[in-house]
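Visitor: I am new to this structure, and I would like to learn how to read it with care.

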Amino acid sequence: MRTLLPTRPHHAKLDVSLAIVNIVLLLIFFFLATGRLLNPAGPGIELSETRNLPLDALPSPILVVDNAGGWTLDGRPLAPELLDAAVQTLPDPAVLHILIDRGAPAETLLGLVARPELSEVTLRLVTLRRRTGS
């Protein structure tokens, strides 16, 4: 006795959605990995923190940016357009400490560290912790 099985369709469609998802995920991982290698995480700013330190004992040279946008370099007023001349007077290796108010807009700090005059200078951000409570 012979049983007949249903015939297979000759034009069966393949489901390629899993292969497409795998390719898309591989591309995402590739661009994440190469983007991180080509664009480092930050501009290389060392963050330091001071505690209970009087203002006259801050590191030198220090550029203080106040809330109004005024600049002082080691206690002397400095116009932003004269930053290049001030940087030229720094001893080698050139290190500049920056003190900016915690509440200052991020654009102020980012604009300062992105200035071309500071491209060859090691920048260190100095913050003051305010005591609360006592």
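Guide: A residue is called buried under 20% relative accessible area, exposed over 50%, and partly exposed in between, using a 1.4 Å probe and protein chains only. Phe-30, at 46% relative accessibility, therefore counts as partly exposed, whereas Phe-31 is exposed, with a relative accessible area of 54%. This is a predicted model, in which local features need pLDDT of at least 70, side-chain atom pairs count only at pLDDT 80 or more, and totals for chains, interfaces and linings use all residues. Residues are numbered from 1 along each chain as its sequence is written, and side-chain values use heavy atoms, with hydrogens and water left out.

Visitor: How many aromatic pairs does a search of the whole structure find?

Guide: A pair of aromatic rings is described by the distance of the centres and the angle of the planes. Rings of Phe, Tyr and Trp (its six-membered ring) pair if their centres lie within 6.5 Å, and planes under 30 degrees apart count as stacked, over 60 as edge-to-face and the rest as tilted. The search of the whole structure finds one such pair. The ring centres of Phe-30 and Phe-31 are 5.2 Å apart and their planes are at 70°, so this pair is edge-to-face.

Visitor: Which residues of β5 point one way, and which the other way?

Guide: In a regular strand the side chains alternate between the two faces of the sheet. Strands here are DSSP runs (E, at least two residues), numbered from the N terminus. From β5, Val-95, His-97 and Leu-99 point one way, while Leu-96, Ile-98 and Ile-100 point the other way, and all are buried.

Technical notes
Helices (H or I, at least four residues) and strands (E, at least two) are DSSP runs, numbered from the N terminus.
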